[in-house]
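Thanks for making the time; I would like to walk you through one structure, going from an annotated site to the sheet around it and then to the domains. Please have the sequence and the model open while I talk.

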Amino acid sequence: MARTLKPGMTAQAQLQVHGEVEQTVRGIIADVRERGDAALRELSARFDGWNPPSFRLSEADIENLVAQVPEEHLTSIRFALEQVRTFARAQRGSIHDLEVETLPGVTLGHRILPVGSVACYVPGGRYPMVASAIMSVATAKVAGVPRVAAVTPPKDGQPYPATVATMHLAGADEIYIMGGVQALAALALGTESIPPVDMLVGPGNAYVAEAKRQLFGQVGIDLLAGPTETLVIADDSADAEMVATDLLGQAEHGPNSPAVLLTTSEALARAVVPEIERQLARLPTAEIAGRAWRDYGQIILAESEGEMVRVADEIASEHVQVLTRDPDYFLRHMTNYGSLFLGPETNVAYGDKAIGTNHILPTGRAARYTGGLWVGKFLKTVTYQRATREASVTVGRHCSVICGVEGFAGHQRQADLRVERYGEAVPEKAAT
């Protein structure tokens, strides 16, 4: 039976949206809906200290900002873009249109079509999330989305050059500098100067997540992302330094980011605690990572690999790093996770930044029922059907019966009309 050596707050507790956040978001959305650009300007000035002539960057603005990014940084950004695009292209290639004759004369099919327009939100704040532009914008363009609007808040009152450069290199059709709830509301609802989009994607703080929740239905969304989560699964082949490094590497995202060690080795579990303290003493982001570990960190001791699988699937973490002798055991048996990182040679930071998988992933146990952002999120499967006259009579007779059972007289008449029109020319044998 698994034992918890260090308890922490559960991921489920983080799903509770405080009434203050909900009401604040509701008010901002209503204001943008009613007053459009005027509200957007006032809110942007109040929250971001930003009130430019235009929230959308011109081509000249973009060129100027890209020129401010060191070539070494651009080289690494281009590398990461190519990894993400390569994987997204392979995923897109695995999704196909379909057409099948289900019975003589009845043809059914589906087409895979991209969403018409998408807004990709890229967080700023404490950490300007350059990699989020790669994950969202590049993937949407590989999916074939015709219009991709990229949006990010200013940093210290100005556009952040590296984020803008990444958006541009990823293929964004429009780039806006505006933040938070007002930005998402403007793009979802549309204003005098900003055409509305069909879908919002991207991570953000509690206000951004709540805005996406409230705007869902008006537009589509990718998922509701909460604080970053990481789960490290380890046995006695793992070392405390790597385990601690990988836990703190994600805990630094925010003071409410859960970092969990699940292990069969009590010796490792005991060794990790002082190792974390040793690393925190020299980690530049120790104030944040230390709070996250203190309040949300956990250590769970399991009796076997099988029990680790069971506990890990219950946790359903966003990121799961496997530091065991046989990492593929967990690939074969686990079902609830955002992304798996198998073996010590990879880690969550690779997935977050450059290896090619997407870092916009389900949190708060949502991995039980959904995966993360991928090329398929930007695609919709639409169906069609056609039938010969003979097949229409066959289907129509059965359809009429079911409509009668349900009491849908208008539906039944649709079916009966086809049977009447086409049935006379169809031999009885062919129409049964």
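Predicted model: local features only at pLDDT ≥ 70, side-chain atom pairs only at ≥ 80, totals over all residues.

Residues are numbered from 1 along each chain as its sequence is written, and side-chain values use heavy atoms, with hydrogens and water left out.

The unreviewed UniProt entry lists Y121, Q182 and N205 under "binding site"; its positions are in the numbering used here, its feature names are shortened, and such annotations may be inferred rather than shown by experiment. These residues span 85 residues in sequence, yet no two of their C-alpha atoms are more than 13.4 Å apart, so they gather at one spot.

Let me take Y121, which sits in strand β4, residues 117–121; helices (H or I, at least four residues) and strands (E, at least two) are DSSP runs, numbered from the N terminus. Is Y121 buried or exposed? At 5% relative accessibility Y121 counts as buried, where buried means under 20% relative accessible area, exposed over 50%, and partly exposed in between, with a 1.4 Å probe and protein chains only. Leaving aside residues up to four places away in sequence, Y121 touches, among others, V151, M178, G180 and P203, a contact being heavy atoms within 4.5 Å. A polar atom of the Y121 side chain lies 2.9 Å from the backbone nitrogen of G180.

N205, by comparison, is in the loop between β7 (199–201) and α8 (206–215), and N205 is partly exposed, with a relative accessible area of 46%.

Now to the sheet: five strands form an open sheet in the order β6-β5-β4-β7-β8, with parallel pairing, and two strands pair if DSSP finds at least two bridges between them. At the edges stand β6 (174–177) and β8 (220–221), each with a single partner strand, so one side of each is left without a neighbour in the sheet. Helix α7, residues 180–189, packs on the sheet and touches β4, β5 (147–152), β6 and β7, its direction making about 175° with that of β4; axes are lines fitted to C-alpha atoms, for helices over the stretch in contact, and angles run from 0 to 180 degrees between N-to-C directions.

Finally, the domain assignment gives domain 1 (18–90 + 108–222), domain 2 (227–371) and domain 3 (388–424), with bounds from an automatic or database domain assignment. The C-alpha centres of domain 1 and domain 2 lie 29 Å apart, and 17 residues of domain 1 are in contact with 16 residues of domain 2.

Methods
Polar contact = N/O pair within 3.5 Å; in protein donor to acceptor, adjacent residues only side chain to side chain.
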